[in-house]
Amino acid sequence: MSDERPPAAESPVPEIDTTVPHSARIFGYWLGGKDNYPVDRAAGDRVRELFPQIVDLARVSRQFLGRVVRHLVAEEGVRQILDIGSGLPTVDNTHEVAQRVAPETRVVYVDNDPLVFAHARALLAGASEGTAEFVHADVHEPEEILKAAARTLDFDRPVAVVLMGVLAHVADYDEARSIVRRLLDPLPSGSLLAVRDGTDTDEAYVEATRQYAAGGAVPYNLRSPERIAGFLDGLELVEPGVVSCPLWRAETTSPVPVEEVPVYGGVGRKP
């Protein structure tokens, strides 16, 4: 396949529903972002009252993403990333981290929040020589995601699929695993999968997510570490495997203490 690819078609900005809390905006709020609405702040505050550690979880999750992307590009040699459930743009976005290592890296972001769509399109207008695009789609539609991503990515070469905090929004575990398979099956050997989600190992976190869903937000379904690891079944695990995120290739310069928290992640390589 040639490196010359047609640009993604311009899409209208979908309407933003400010009456329903959205996980991307709430996550950004916990990280100190301003792109949210009263309903998002109210939902985020309810979770934080029940589980104050949620702010640290948001930070270590973001740091995990950065370490994963650097590993994918610097050590695995990946030059194509499909980041599904990317969330609101913040510092050290996937394409920025990747293109600091290899400027030619192509990144496709996917999210179903119209606010993310609007901000990402503005952010990506200044992307460097590595192509970066945004697709407005839902994780439940893997075939549509791949079809849109194919405008930017070459599926004859390895692709890294990044699913950070998004599979927990798929209530049925078997369906979530099916989505992973459908995303990976068309990709060539050497492609990689990176996942991260919250675990059901902390009672306060479990109760906070229960009340979060009761407030009208799309439920965030905590799972056991073993079930999160199950998303990587059949892949060659990158060391140290599926672990609490701060422990995955920990950096001693992290401002957050390196200790186990109820959010797990890992990376696997397609044989």
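## Overview

The protein chain has nine helices and eight strands. Helices (H or I, at least four residues) and strands (E, at least two) are DSSP runs, numbered from the N terminus. This is a predicted model, in which local features need pLDDT of at least 70, side-chain atom pairs count only at pLDDT 80 or more, and totals for chains, interfaces and linings use all residues. Residues are numbered from 1 along each chain as its sequence is written, and side-chain values use heavy atoms, with hydrogens and water left out.

The chain has 271 residues, and 52% of them are buried. Buried means under 20% relative accessible area, exposed means over 50%, and partly exposed lies in between (1.4 Å probe, protein chains only). Take the contacts (heavy atoms within 4.5 Å) between residues at least 6 apart in sequence: 74% of them join residues at least 24 apart.

In soluble globular proteins, nonpolar side chains tend to be buried together. A nonpolar core is a set of buried Ala, Val, Leu, Ile, Met, Phe, Trp, Tyr and Cys residues joined through side-chain atoms within 4.5 Å. The largest one here has 50 residues. Ile54, Val68, Leu72, Ile81 and Val267 have the most contacts inside it. Helix 3 (residues 54-75) gives the largest share of this core, 11 residues. A second, separate core holds 34 residues, among them Ile145, Phe155, Leu163 and Leu232.

What does leucine 72 contact, leaving aside its neighbours within four places in sequence? The partners are Gly77, Val78, Ala160, Val162, Leu192 and Val267.

Is helix 1 largely enclosed or largely open? Six of its eight residues are buried, so helix 1 is largely enclosed by the rest of the structure. The buried ones are Ala24, Arg25, Ile26, Gly28, Tyr29 and Trp30. Glycine 32 follows helix 1 and has a positive phi, near 95°.

Two packed helices are described by the angle between their axes and the distance between the axes. Helix 1 (residues 23-30) packs against helix 2 (residues 38-50) at an angle of about 65°, and their axes are 9 Å apart. Axes are lines fitted to C-alpha atoms, for helices over the stretch in contact, and angles run from 0 to 180 degrees between N-to-C directions. The crossing of helix 1 and helix 2 is right-handed.

From helix 1, Arg25, Ile26, Tyr29 and Trp30 take part in the contact. From helix 2 come Asp40, Arg41, Ala43, Gly44, Asp45, Val47 and Arg48. Five of these residues are nonpolar, one is polar and five are charged. Here Ala, Val, Leu, Ile, Met, Phe, Trp, Tyr, Cys and Pro count as nonpolar, Asp, Glu, Lys and Arg as charged, and the others, Gly among them, as polar.

## Arginines and an aspartate in helix 3

Arginine 67 is found in helix 3. It is buried, with a relative accessible area of 8%. Not counting residues up to four places away in sequence, arginine 67 touches Cys245, Pro246, Trp248, Arg249, Ala250 and Glu251.

Arginine 70 is also in helix 3. At 31% relative accessibility, arginine 70 is partly exposed. Beyond its neighbours within four places in sequence, arginine 70 contacts Glu75, Val97 and Glu251. Aspartate 56 lies in helix 3 too, and is partly exposed at 33%.

## Asparagine 112

Asparagine 112 sits in the loop between strand 2 (106-111) and helix 5 (114-124). It is partly exposed, with a relative accessible area of 35%. Alanine 137 is 25 residues away in sequence, yet the two C-alpha atoms are 5.0 Å apart. Which residues does asparagine 112 touch, not counting those up to four places away in sequence? They are His22, His136, Ala137 and Asp138.

The side chain of asparagine 112 makes a polar contact with the side chain of aspartate 138 (3.0 Å). A polar contact is a pair of N or O atoms within 3.5 Å; within protein, one must be able to donate a hydrogen and the other to accept it, and residues adjacent in sequence count only if both atoms are side-chain atoms.

## Backbone details in two loops

The peptide bond from glutamate 239 to proline 240 is cis, with omega near 10°. Proline 240 lies in the loop between strand 6 (236-237) and strand 7 (243-244).

Arginine 249 is in the loop between strand 7 and strand 8 (263-269). Its phi is positive, about 50°, although arginine 249 is not a glycine. At 31% relative accessibility, arginine 249 counts as partly exposed.

Terms used. Left-handed = near helix turned anticlockwise from the far one by under 90°.
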